[in-house]
There are 2 protein chains.
Amino acid sequence: MANVPKSRDGYQWTPATGLVQGVPTLGLVQPSKKGLKNSKRYDVVVVGAGYAGLTTCRDLTVAGNSVLLIEARDRIGGRSWSSNIDGYPYELGGTWVHWHQPFVWRELRRYGMIDQLEVSPRPGMEGGSRVTVNLDGKVVSLSHDEESEIVESAFKKFINVDGVLGRSVIPYPHDIELNMAGVKKYDQLSMADRMAQVESQLTPLEKNTFGGFLAITHGAKWEEASFFELLRWWALMNYNYTDFMAIGLTYKLRDGQSALARRIFDEAIDTGRLDYSFSTPVKSVHDNGSHIVITARNGDATFEARRAVCTVPLNVLHTIAFTPALPSLKREASMMGHANQVVKCHAEVANPEMRSLGATNFPRGKLTYTFGDGTTPAGHTHLVAFGSSLPGAHLDPEKDISVTKQAFEAFHPDMKVQRLVFHNWHQDEFARGAWEWLRPGMTTKYLEALRKRHGNVFFASSDSSFGWRGFIDGAIDDGGRVAKMVHDELKMRDLPRSRL
Amino acid sequence: MANVPKSRDGYQWTPATGLVQGVPTLGLVQPSKKGLKNSKRYDVVVVGAGYAGLTTCRDLTVAGNSVLLIEARDRIGGRSWSSNIDGYPYELGGTWVHWHQPFVWRELRRYGMIDQLEVSPRPGMEGGSRVTVNLDGKVVSLSHDEESEIVESAFKKFINVDGVLGRSVIPYPHDIELNMAGVKKYDQLSMADRMAQVESQLTPLEKNTFGGFLAITHGAKWEEASFFELLRWWALMNYNYTDFMAIGLTYKLRDGQSALARRIFDEAIDTGRLDYSFSTPVKSVHDNGSHIVITARNGDATFEARRAVCTVPLNVLHTIAFTPALPSLKREASMMGHANQVVKCHAEVANPEMRSLGATNFPRGKLTYTFGDGTTPAGHTHLVAFGSSLPGAHLDPEKDISVTKQAFEAFHPDMKVQRLVFHNWHQDEFARGAWEWLRPGMTTKYLEALRKRHGNVFFASSDSSFGWRGFIDGAIDDGGRVAKMVHDELKMRDLPRSRL
């Protein structure tokens, strides 16, 4: 992996190089050698090369359809991608997977990658380091077991709206529609609302430890994040804290998510039925009733297809001009956007003793939570951290990297930062946010509308999937679901009349 | 569903008709209208139309390969199929599914069937009835909560070999190979061995209640069932009793498993690339190095293909003559066979108050465990029961149906049996047993060998899958895994030399 090519995405800082835009990734796609057939009308054009788009492309091409993939970036993976530096992966978006996530698990089997799971060495995996919690300026030191007890205790109080830890609200984690009354009730609440309800039951230590932990889930201002989404995560993670940690924060891929995305992309390529155009932001999608015409933002390139599958993130959808215009609910939802604006930031620190560090710095820190995530080839400690989205604390690392360095140093006085690697999802024009976390009321009002087709345009996204919505699994789920619908429809039209 | 056609498989008894062989099923396949092209050399011949074979056929045909499916029975589904009687499904084999079973869950999404899940109304779902346990002839009555507590307590003592409920033996439920030393240690033990180790810790009530419950897992003589397999189930079901019940015994499909099997089969058919021959037991599989020649048992029909995927059950594999001969480990494993010989037996009883009955009759009963599983169209109670495999108690219902009727009546004195529906897997020549439960030592000695290809013949089966081995999920998993291998190999050979 010596010559991993560089994407324009992401940033890296080292003392020697300073801040440099762009990091190496297995997900980079070199421009296609064969020229695009501009005159060709494809069966399907897929907009977006994240997991939803890649899965759509793969399923459709394997099933015999001609597909054109258009992607704004120079790489695959969307909001799940990894930078591979000196053979070591830093996950810059979606990271953790588990066998209770059915769709990504099936992909790992398909590509023989199940033995490439690695345990993300989070706090508690090894002895040595302690957890530190910044409590109004006073640093409290906890053992990992103590931290787990505190977070679990607070989490349960936060979640337990019905005396059975949410089970009555979401009896089927994969089919929330079964109890829309329950969805609506808790979708009205923001995280701040819910905290106000239970605050009196939490100790200050519980509140700050759990507060830092919550940054890993919603990455939003507390007033802007729906409490229902946390209930949904909790239900998907089997209604208990042990499984929440095991499913949500434990198993990652040895070579990074871009290695898996690559396999899906390559399988589509190998069919001989996928063309693609990267670094091609889409300006408009026109459905003339019989086919789709897509126009690129830069230049006059247009592409035609019988159907389109739009997989751009919710927060970006409204930047594309659709004709006929999108229904108002879709457009409103995109303009409003989901609320997660987290920055994911990695540090390589010359402190081997911090291998199992866990530390929170909530609510004051610009990074709210960090933990040891591995050992780098240099034998240093890899820490992953999550930026604050609280008012006044929002981190934009590329503006002044010293702020991020200081934010790491604030976790522990001995911290020796050797490298920073990050992706600022907040400032990313093709994402406009990190993983999906809807605002209060949005699940109730918009989710169903977001899934609906619009003429010959279909929509697939982790942002509006069933099941593991907001996760890698949801993206693959939705890409497969929509690919099947599109294929079935195209096939039906292709049948000789005698068979209809 | 008034005119659901009848398979030769299964039996039904009512007072009016007496015992009748063959029951209606959505899985029946009418003989193909288009004649088989005997002269055609297919890309792949798939032997067996259970979930493994169907998934193989579907994946291969969708990807563009020509496939011939050969099945001994007159129906799809193998050891997972349902009889649909007056619009009501009786599951005669694999039944329950869950979102923690990734491969079957993906299929349910693919075919839009997730909203067709129904809760199997097992004991505890409703008030009213009591659980009865036959304790050396004395019937003890328990509440459902009491029963759960007793089974959970006994189960934990039985499982807890390492102080952490098996987690150290099987840290990754989907990758048992990671700790073969642990596998070997507990694979040497039979259920009887393990019971001898913990018997002194169990009350008589625990022992008999748990013993009846265990019939649902292994269906074998206790000396012939590996204890490791139970550890593996426990790990797959998330290392706790609540999830064990939720995953293993709760959610079934509204129209029965044959409805799902049908969707997979129909998708393959719709590609136009699947031919099939049912009621065609295979006599021999000859690999001449360049292609496969399969000869049917009845008549002289032969079929040719470039590759074969053999999905027949482990216990049947040795009845097919392979040339070149199978490696000795494969043959030995098949001759030895897995140990599960359970009979699955349904009763419709005119006792609405038994809707949430649960009853065990262990070790004396010919049926060891029964529970309410729904309400029939007539408003009667549907009970599902599992036959004993203990020496002297083995049930073969078709030999004398009154024995089965009496076995149901033994669960409760007021039982009024109106209908019996069953499949005797013990006497089924094309299965020679129910779901896979290996004998002591077999996982260690044979599992890897069973998965290996043999020249141009590949093997896919729930009996030797990764992950949910012995479950519907394992069959779909393995069928997909092997289809991908076969497709990749055929495609590689088809490439123009210049691309190699």
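Visitor: How far apart are Glu409(A) and Lys405(A) in helix α12?
Guide: They sit 4 residues apart in helix α12, which covers residues 401–409 of chain A, so about one helical turn separates them. Bear in mind that this is a predicted model.

Visitor: What do those two form with each other?
Guide: Glu409(A) and Lys405(A) make a salt bridge, and their closest N and O atoms are 3.3 Å apart.

Visitor: OK, which residue does Glu332(A) form a salt bridge with?
Guide: That would be Lys445(A), with 3.5 Å between the closest N and O atoms. Glu332(A) belongs to helix α11 (residues 328–336) and Lys445(A) to helix α13 (residues 442–451), so the pair ties together parts of chain A that are 113 residues apart in sequence.

Visitor: And what's the relative accessible area of Lys445(A)?
Guide: For Lys445(A) the value is 47%, which makes this lysine partly exposed. Glu332(A), at 35% relative accessibility, is also partly exposed.

Visitor: What about Asp255(A), which partner does that one have?
Guide: Asp255(A) forms a salt bridge with Arg254(A), and the closest N and O atoms are 3.7 Å apart. Arg254(A) is partly exposed, at 39% relative accessible area.

Visitor: How many salt bridges are there over all chains?
Guide: The structure holds 70. Some residues are linked in a network of them: Arg58(A), Asp59(A), Arg106(A), Glu107(A), Arg110(A) and Glu267(A).

Visitor: How many positive and negative side chains does chain A have?
Guide: There are 58 positive and 56 negative ones, and the centres of the two sets lie 5 Å apart.

Visitor: Switching topic: how many helices and strands in chain A?
Guide: You'll find 14 helices and 21 strands. The radius of gyration is 22 Å, close to the 23 Å from the globule rule for 500 residues, so chain A is as compact as a globular protein of that length.

Visitor: What box do the C-alpha atoms fill?
Guide: Roughly 75 × 55 × 40 Å, taken along the principal axes.

Visitor: And what share of chain A is buried?
Guide: Buried residues make up 65% of the 500.

Visitor: Last one: what share of the contacts is between residues 24 or more positions apart?
Guide: Such pairs account for 73% of the contacts in chain A with a separation of 6 or more.

Methods:
Residues numbered from 1 in each chain as written. Chains lettered and ligands numbered in written order. Predicted model: local features only at pLDDT ≥ 70, side-chain atom pairs only at ≥ 80, totals over all residues. Heavy atoms only, no water. Helix = DSSP H or I, 4+ residues; strand = E, 2+ residues; numbered from the N terminus. Rg over C-alpha atoms; globule rule 2.2 N^0.38 Å. Buried < 20%, exposed > 50% of the residue type's maximum accessible area, 1.4 Å probe, protein only. Contact = heavy atoms within 4.5 Å. Lys, Arg positive; Asp, Glu negative; His and termini not counted. Charge placed at Lys NZ, Arg CZ, Asp CG, Glu CD. Salt bridge = Lys/Arg side-chain N within 4 Å of Asp/Glu carboxyl O.
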